[in-house]
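Reader: I would like to go through a structure with you, starting with the ligand site. Could you show it to me?

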Amino acid sequence: MFKRLKNIFSNFVDKISSIAFSKDKLYSELEELKMELVSSDVALEVAEDISKKVSEAIERNIVRDRASLVAYLREIILGYFKEAGTIDFDNVIRSKRPFKIVFLGVNGVGKTTTIAKIAFYLKEKGFKPLMVAADTFRAGAQEQLKIHGDRIGVPVFTGRYGVSPASIAYDSILHAQSKGYDVVLIDTAGRMHTDVDLVEELKKIVKVVKPDMRILVVDALTGNDALEQARFFSEKIGVDAVVIAKVDAYEQGGVPISIVYAIRKPVLFIGVGQDYKDLKLFDPIEYLERVLPA
Ligand SMILES: Nc1nc2c(ncn2[C@@H]2O[C@H](COP(=O)(O)OP(=O)(O)OP(=O)(O)O)[C@@H](O)[C@H]2O)c(=O)[nH]1
Ligand SMILES: [Mg+2]
């Protein structure tokens with residue numbers, strides 16, 4: 001997980017230390033750092049921001065040794081996460097009943113799996129979740145959610161194929177209210193994010209459901225595409241939190257920083273495998289421990 005990013009920061013810190021924080025050679029080292037970061041899924045504007053801040057700190061002698069450089073890098077990156085805010089998920093869920101969550105994301109990123117994982121997480125905590133298959137677009141989508149539901153023992157609300165996803169979503173809320181569910185997790189169809197119909201459909205769902213949270217799911221392995229998707233959904237629909245799936249196989253490391261910087265919203269969970277238990281609350285401190293040298 002995130003190994004490559006750690007190597008990049010470690011190499012940079014080693015090099016700057018080995019040139020004894022010399023200001024003459026700083027420029028070329030920072031240029032190289034920027035290029036390396038960008039090749040590891042750190043958005044260019046973020047790489048430039050980090051490089052500029054480090055450069056200023058060294059120029060002004062605020063950063064003069066290895067330990068202060070690492071601490072300063074930590075402060076910069078933590079700043080991005082702080083600006084995006086945090087969500088105390090369990091407590092937020094308790095604030096309303098039923099708490100309605102709509103999941104967004106392009107096809108294949110891991111939306112349906114993530115919903116099942118979150119339903120499992122909630123069930124373990126004693127909540128009563130309902131999963132909703134508002135994907136009437138892809139054949140098999142509803143069955144797929146039902147299989148998950150059977151395995152984890154969480155009910156799934158479905159509608160007939162061909163019925164509008166917005167009406168299924170609306171009916172599911174009435175159902176959840178009458179049956180006393182705590183949380184409603186609504187799965188939506190994933191298509192190319194450039195698909196105009198999909199965007200219109202999502203807007204309709206959001207309009208009728210009035211979700212308490214809109215969660216975007218992205219696939220870490222898609223790197224810069226994940227960032228583009230975050231920008232897109234944030235602009236067109238609105239995003240309150242992000243789940244990054246497939247982090248277990250992800251070495252580049254830059255996706256969490258880039259997304260948080262671009263849309264100023266927190267990463268709520270990361271997916272770390274294909275099992276229902278393979279979901280972890282995202283902790284920026286733990287992330288920093290993984291990507292920065294000691
Ligand atoms: N290794 C790994 N695989 C994952 C993770 N999350 C999802 N997957 C896998 O990714 C594949 C696609 O997952 P789905 O949940 O069907 O994706 P989706 O976004 O719902 O796809 P569509 O409904 O077709 O849009 C499946 O094979 C999942 O097992 C994860 O965190 N780690
Ligand atoms: Mg799906």
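Reader: How far does a polar side-chain atom of T113 lie from an oxygen atom of ligand 1?

Author: This is a predicted model. In it, the distance between a polar side-chain atom of T113 and an oxygen atom of ligand 1 is 2.5 Å.

Reader: Which backbone atoms lie 3.0 Å from an oxygen atom of ligand 1?

Author: G108 places a backbone N or O atom 3.0 Å from an oxygen atom of the ligand. A backbone N or O atom of K246 also lies 3.0 Å from a ligand oxygen.

Reader: And how much of the accessible area of ligand 1 does the protein cover?

Author: On its own, ligand 1 has 650 Å² of accessible area, and the protein covers 81% of that.

Reader: How many residues surround ligand 1, and which are the closest?

Author: The shell has 19 residues, of which K111, T112, T113, D248 and Q274 are the closest. By class, 10 residues of this shell are polar, 5 are charged and 4 are nonpolar.

Reader: Which helix gives the largest share of that shell?

Author: That is helix 6, residues 111-124, which contributes 4 residues.

Reader: Let us change topic. What is the volume of the largest pocket?

Author: The largest pocket holds about 240 Å³ of space. Its lining consists of 15 residues, and those closest to the pocket centre are G85, T86, V267, F282 and P284.

Reader: Which elements give two or more residues to that lining?

Author: There are three entries to name: helix 4 (66-83), helix 5 (89-94) and strand 7 (267-271). Helix 4 provides the largest share, with 3 residues.

Reader: What is the make-up of the pocket lining by class?

Author: The lining of the largest pocket has 10 nonpolar residues, 3 charged ones and 2 polar ones.

Reader: How far apart are R74 and P293 in sequence and in space?

Author: In sequence, 219 residues separate R74 and P293, while their C-alpha atoms are 9.9 Å apart in space.

Reader: How many cavities of 30 Å³ or more does the structure hold?

Author: The structure holds 1 such cavity. The volume of the largest cavity is about 80 Å³.

Reader: Which residues line the largest cavity?

Author: The lining is made up of M1, F2, I270, K280, L281, F282, D283, E286, Y287 and R290. Helix 12 gives the most, with 3 residues.

Reader: And by class, what does the lining of the largest cavity have?

Author: The lining of the largest cavity has 6 nonpolar residues and 4 charged residues, with no polar ones.

Reader: One last topic. How many residues of helix 11 are buried?

Author: Helix 11, residues 255-263, is mostly covered, with 8 of its 9 residues buried. The buried residues are V255, P256, I257, S258, I259, V260, Y261 and I263.

Conventions:
Residues numbered from 1 in each chain as written. Chains lettered and ligands numbered in written order. Predicted model: local features only at pLDDT ≥ 70, side-chain atom pairs only at ≥ 80, totals over all residues. Heavy atoms only, no water. 1 Å grid on protein atoms, 1.4 Å probe; cavity = no way out; pocket = protein on both sides within 12 Å on 5 of 7 lines; lining within 4 Å. Points joined across faces, edges and corners; volume = space filled by probe spheres on them. Nonpolar A, V, L, I, M, F, W, Y, C, P; charged D, E, K, R; others polar. Buried < 20%, exposed > 50% of the residue type's maximum accessible area, 1.4 Å probe, protein only. Near = heavy atom within 4 Å. Polar contact = N/O pair within 3.5 Å; in protein donor to acceptor, adjacent residues only side chain to side chain. Areas by Shrake-Rupley, 256 points an atom, 1.4 Å probe, with all protein chains shown as cover.
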